Amino acid sequence: NKKQLASFIKAFGDDEAHVYDSKIEYYSANLNLIEDLRKLITMKFPELKISDLGAYHYKKCKKYYFSILSGSLRFYAKCIDFDHKQKRDDLLFNLKRIELDNGHNQRLDTRIRILKALSENNLTAKQLSRKYCLGHGYVLKHLRKLRNENKIMVVSKNKFSNIWGIKTSSC
């Protein structure tokens, strides 16, 4: 039954998936499990566009993965979704961001907006991404450029993210 399979995929994704700017990546150290999950999704949800299987090394383990691609995120949200609050919020944010498309005109002042926001408060790339409805990777690219220009710096780190702030000159 499709509804039961959607519940299984949701439960698996709540634990073994990550929401990126334009895709959802499912991963596992168990090759047979991830291959079978990919086959099930492909057979029962042909509306979903899915990447080929890939692999990478994480610590001492090999991880296998596939991605639900950006053109399928709206269908995924409607028919499968997440129970995990942060993953659901990330998915809904990405759908909103893609819908708004934040065209070139608004992106031209991204550097200025980042500098203004950081002059008011130290922030993570994710916080900046949410504030200006921009892709996380796009914000990170600007943060690195501004860091290389000595305008900003990493002021601290939390568990998963750098916290960025305006670079102060030392006398």
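What follows is a short chat about a predicted model and its sheet, helices and cysteines.

Trainee: Anything to know before we start?
Mentor: It's a predicted model, where local features need pLDDT of at least 70, side-chain atom pairs count only at pLDDT 80 or more, and totals for chains, interfaces and linings use all residues. Residues are numbered from 1 along each chain as its sequence is written, and side-chain values use heavy atoms, with hydrogens and water left out.

Trainee: OK, in what order do the four strands sit in the open sheet?
Mentor: The order is β1-β2-β4-β3, with antiparallel pairing. Strands here are DSSP runs of E, at least two residues, numbered from the N terminus, and two of them pair if DSSP finds at least two bridges between them.

Trainee: Which are the edge strands?
Mentor: β1 (17–19) and β3 (54–58), each pairing on one side only.

Trainee: How many bridges link β3 and β4?
Mentor: Five, in the antiparallel sense, with β4 spanning residues 61–69. In that pairing, G54 stands opposite Y65 of β4.

Trainee: Switching to helices, what does α1 lie across?
Mentor: Helix α1 (residues 2–16) lies across β1 and β2 (23–28), at about 85° to β2. Helices are DSSP runs of H or I, at least four residues; angles run from 0 to 180 degrees between N-to-C directions of axes fitted to C-alpha atoms, for helices over the stretch in contact, meaning heavy atoms within 4.5 Å.

Trainee: And α4?
Mentor: Helix α4 (residues 85–100) also lies across β1 and β2, running at about 40° to β1.

Trainee: Last topic: is C133 buried or exposed?
Mentor: Buried, because its relative accessibility is 10%; the cut-offs are under 20% for buried, over 50% for exposed and partly exposed in between, with a 1.4 Å probe and protein chains only. C79, at 30%, counts as partly exposed.
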